[in-house]
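Open the model in your viewer and keep the selection tool ready. We will go from stop to stop.

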Amino acid sequence: MTKLIDGKQVANDLKVQIASSVKKLIALGITPGIAVILVGEDPASQIYVRNKQRAAEQLGIDSELINLPTTTSEAKLLAKIDQLNANPAIDAILVQAPLPAHINEERVQSAIAPEKDVDGFHPQNVGALYNNAKSYYPQANTPRGIMTLLAEYMPDLVGKKALVIGRSILVGRPMMAMLNNADATVTLAHRHTQDLDQLIATADLIVVAVGEPHFLKMSAAKADAVVIDVGINRLEDGSLVGDVLDDMPDSAQLLTPVPGGVGPMTIAMLMQTTIELARQHSTFE
Ligand SMILES: NC(=O)C1=CN([C@@H]2O[C@H](COP(=O)(O)OP(=O)(O)OC[C@H]3O[C@@H](n4cnc5c(N)ncnc54)[C@H](OP(=O)(O)O)[C@@H]3O)[C@@H](O)[C@H]2O)C=CC1
Ligand SMILES: Nc1nc(=O)c2c([nH]1)NC[C@@H]1CN(c3ccc(C(=O)N[C@@H](CCC(=O)O)C(=O)O)cc3)C=[N+]21
Ligand SMILES: [Mg+2]
């Protein structure tokens, strides 16, 4: 079998460390707090938001869920964000994507105070990532979780050919920047990319964040490729699959499974970023 990267295990190890950091912070009088805003009643989003809350609870992080109706105006959402920006108990603000079509996501993400921007979406934090700034700033949690997995499973990224497929603000673009900052040679592919098969066949590392079941077959990648499957696709029978099909038994390739790969790392990194923001907000550090 293709060797699987155990994201769940790495995430659980990380959570043990986070829980102990939270205990230390609480002893200093600092309780980290995250607010999650969900607009609407999308069942998948409700599950994700609940998972995030459960993780916060387990680790001793305060969490507040703000569930607004689908019809909420952009002005009302912006007013809620202002209120959270001004609330000293809240260190991290997450607005669950996607938002209803009548709301401008860019305006909403820019309204979150950069020092509470747990997703790393604010233009100031995006700019810091692109500049590889040395000062602290929050970074997108899914690619950050992937970098943590790679530290364990592909420690030498310098000069390697990395192919990122998909260019969302949530995954592909920050992934490109983080791999670039780690001195990999990065190609960012998308819908209009020509000769994608050729890029896939030669890449040392492939990160797939497309959202299409079986978009990439392991047999199309190099015999020793590392493949990170970000996709989360719910099939009609209720099962969950990624974007990658493992048709390469007995290969020396490495692959993240779905579920149990990138998803749990995203949640753990979200909590890690929350406590980092809480530390930044305290006067003790
Ligand atoms: N595990 C986790 O923690 C997370 C998982 N996800 C999952 O990852 C997947 C991607 O999410 P997200 O990044 O938000 O995706 P988006 O839907 O925002 O973007 C998809 C990207 O894939 C590209 N794409 C689509 N079709 C093709 C194609 N045929 N060839 C090449 N590129 C293509 C698009 O290109 P173009 O820009 O040209 O349109 C786009 O850049 C989803 O399944 C999502 O559920 C997302 C976040 C976290
Ligand atoms: N502002 C914002 N920030 C996000 O980080 C964000 C978002 N919006 N919108 C949606 C995507 C998606 N996302 C996931 C997180 C965890 C799992 C996860 O825990 N997955 C489990 C399985 C979950 C299941 O069983 O459904 C796994 O892969 O093992 C999946 C997807 C975060 N996102
Ligand atoms: Mg606090």
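Start with the shell around ligand 2: its residues divide into 12 nonpolar, seven polar and one charged. Here Ala, Val, Leu, Ile, Met, Phe, Trp, Tyr, Cys and Pro count as nonpolar, Asp, Glu, Lys and Arg as charged, and the others, Gly among them, as polar. This is a predicted model, in which local features need pLDDT of at least 70 and side-chain atom pairs count only at pLDDT 80 or more, while totals for chains, interfaces and linings use all residues. Residues are numbered from 1 along each chain as its sequence is written, and chains are lettered from A and ligands numbered from 1 in the order in which they are written.

Now select the shell itself. Ligand 2 is surrounded by 20 residues, each with its C-beta atom, placed from the backbone, within 6 Å of the ligand. Gln96, Ala97, Pro259, Gly263 and Thr266 are the closest. Elements giving two or more residues to this shell are α2 (43-59), β4, α6 (141-153) and α9 (262-281). Helices (H or I, at least four residues) and strands (E, at least two) are DSSP runs, numbered from the N terminus. Which element gives the largest share? Select α9: it supplies four residues.

Next, show the strands β3, β2 and β4. In that order they form an open sheet, with parallel pairing. Two strands pair if DSSP finds at least two bridges between them. β3 (62-68) and β4 (92-95) stand at the edges with a single partner strand each, so one side of each has no neighbour in the sheet. Select β2 (residues 33-39): seven parallel bridges join β2 to β3. Look for Ile34, whose bridge partner in β3 is Ser63.

Last stop: UniProt, in an unreviewed entry, places a "binding site" at Gly166, Arg167, Ser168 and Ile232. Such annotations may be inferred rather than shown by experiment.

Select Gly166, in the loop between β5 (161-165) and α7 (172-181). Is Gly166 buried or exposed? Gly166 is buried, with 24 other C-beta atoms within 10 Å. The cut-offs are 20 or more for buried, 12 or fewer for exposed, and partly exposed in between.

Move to Ile232, in the loop between β9 (226-229) and β10 (233-234). Ile232 counts as partly exposed, because it has 18 C-beta neighbours inside 10 Å. Leaving out residues up to four places away in sequence, Ile232 touches Leu240, Val258 and Gly263.

Technical notes: Two residues are in contact if their C-beta atoms, placed from the backbone, lie within 7 Å.
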